[in-house]
Amino acid sequence: SILLSINLFVENVDYLTIFAIGYMISITVYTTYNLYKKSKLEFYDFVTRFINKLFYIFLILAVFIICIFLLMLLFIFLVNDNNYIYNVLSSFYIALFGFYIIPNIIKTLDNINKIKISKFFKTLILYIILPVSIMAMVIIYAHIIIRIVSSEVPSNFVLPVISFLFIVVFVIYNILRNYKSNKVLNIISIVLPYVFIPFIILQIYTANIRYQEYGITPLRYVSYIYIVFEIVSILLMIIKKGKYLEYDFFALIIFLIICTNPFINAEKVAYLNQKHIVESNIKDKDFNDLSSEEKNKIISAYNYLKVLNKENDIDIDASNLEKIKNTDKIVLTDKDFLNINEYNIVDSLNVSGYSNLYFVDTRSQDTYDSNNIKLYNNETEILSLNMTNILSYLQHNNNYIKENNLVKINDNSVLIIDNFYLRYNLEKNEIERISIDGYLLTK
């Protein structure tokens, strides 16, 4: 009755479906919380027992699926009827979920006090999963350092990897708390939440970049809320060594409600955001006068709305809407950029008349000022180079640097460029990337 009542206020029945799924999962989480309180176990003990049993449930399931899959391959080989077999497999997997996984999970939660931690599970977690997780965190830390040094945007792969790693860390943290008598494991369990904090910062940074580029999609919206859930969970792990971690049940329920309620769910927020991107970027402008990047952003948002059959909801001038409809995504080509790449220009150095020679190079930056390109000797800034005239010359002659690699700084010093790389956005008139190294000669 609640669902039917809400449907009266919801424009799209899909929102009701999303809410129904979220509602059922939330009820399941709350029921699990009640069973946890009923067990009177410590939270970490409850989680450990549950994961231990869950592992064996899915291990048996995996073996069963492999056996069935092999039988199906034999059937396909002999009967040669692929469509029939795929239909059977789909029905089979649904049946497995309903008749094996769900009943076993319910049985596990109801009999949680009787579950004993097996030696095999303990060995698997402590000697395989834990070391692999630590190695994964080391690799991500290395990725963070490399990206900071090179000033490059983190990989798209970072968000899903860290999201999955958080689940692993959460489970390991709770399992390790069962071994407080072991000093090493106890220290790891204390340090683990703190070690994960930089990963959350990286997630926030990466998510913000994706938002700035193309706005909110349902998956991005869920990932933003999930990051907030991670923050809450990490704080609960840290405060009094996880004493209040049981409240993560309620954090999870709130997360589900925010993502699936019919008024601000992931689908609806994404729809409103993408609609706003089109309307705000083209307001009082002609589509043809926009930059390629602005056009791409609008076209991407329009295509998203088109998939939802809501492209006609866009409130913009009819002529602009028609232009968007008839424009494919614009790919920035080399015509939109000035790309210069010169290496090993210098064969020999004539230092006569000069008393000092310094090797100089640039450092990677997020943004560059063409009037002030800084060059360093080791870690000391030694020169500020005005590139305005050079950029102008390069647009008319791509070989300008190769032909004029000696740059007079003043009467007492010259810069001799040996290696030069430039990527210049002609549309925005800005340097996207520049790398210079060479020799500074002073009298």
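Mentor: Before we start, contact means heavy atoms within 4.5 Å. This is a predicted model, so to speak of local features we need pLDDT of at least 70, side-chain atom pairs count only at pLDDT 80 or more, and totals for chains, interfaces and linings use all residues. Residues are numbered from 1 along each chain as its sequence is written, and side-chain values use heavy atoms, with hydrogens and water left out.

Trainee: Okay! At what angle do α8 and α9 cross?

Mentor: Roughly 165°, and the axes of α8 (residues 218-238) and α9 (residues 248-260) come within 10 Å. Helices are DSSP runs of H or I, at least four residues, numbered from the N terminus. Axes are lines fitted to C-alpha atoms over the stretch in contact, with angles from 0 to 180 degrees between N-to-C directions.

Trainee: Is α8 roughly parallel or antiparallel to α9?

Mentor: That angle makes α8 roughly antiparallel to α9 (over 145 degrees; under 35 is roughly parallel).

Trainee: Which residues in α8 meet α9?

Mentor: Y221, V222, I225, Y226, F229, V232, S233 and L236 of α8 do, and across from them in α9 are D248, A251, L252, F255, I258 and C259. Ala, Val, Leu, Ile, Met, Phe, Trp, Tyr, Cys and Pro count as nonpolar, Asp, Glu, Lys and Arg as charged, and the others, Gly among them, as polar.

Trainee: Switching to α6, how far apart are the axes of α6 and α7?

Mentor: They are 10 Å apart, and α6 packs on α7 (residues 183-214) at about 160°. That makes α6 roughly antiparallel to α7. Their contact includes F166, V169 and Y173 of α6, along with F196, F199 and L202 of α7. It divides into 17 nonpolar, four polar and no charged residues.

Trainee: And what angle do α6 and α8 pack at?

Mentor: About 25°, with the axes 12 Å apart. That makes α6 roughly parallel to α8. Among the residues in that contact are I162, F166 and F170 of α6, plus Y226, F229 and E230 of α8. By class, the contact of α6 with α8 has eleven nonpolar, two polar and one charged residues.

Trainee: New topic: how much space lies in the largest pocket?

Mentor: About 1,200 Å³. Of its 29 lining residues, V29, T32, F50, F249 and L252 are the closest to the centre. A pocket, on a 1 Å grid over the protein atoms alone, is an open set of points where a 1.4 Å probe fits, with protein on both sides within 12 Å along at least five of seven lines, and lining residues have an atom within 4 Å of a point.

Trainee: Which element gives the most to the lining?

Mentor: α3, with seven residues. The elements giving two or more are α2 (13-39), α3 (43-79), α4 (82-110), α6 (158-176), α8 and α9. The lining divides into 25 nonpolar, three polar and one charged residues.

How values were computed:
Angles under 35 degrees count as roughly parallel, over 145 as roughly antiparallel, 65 to 115 as roughly perpendicular and the rest as oblique. Grid points are joined across faces, edges and corners, and a volume is the space filled by probe spheres set on the points.
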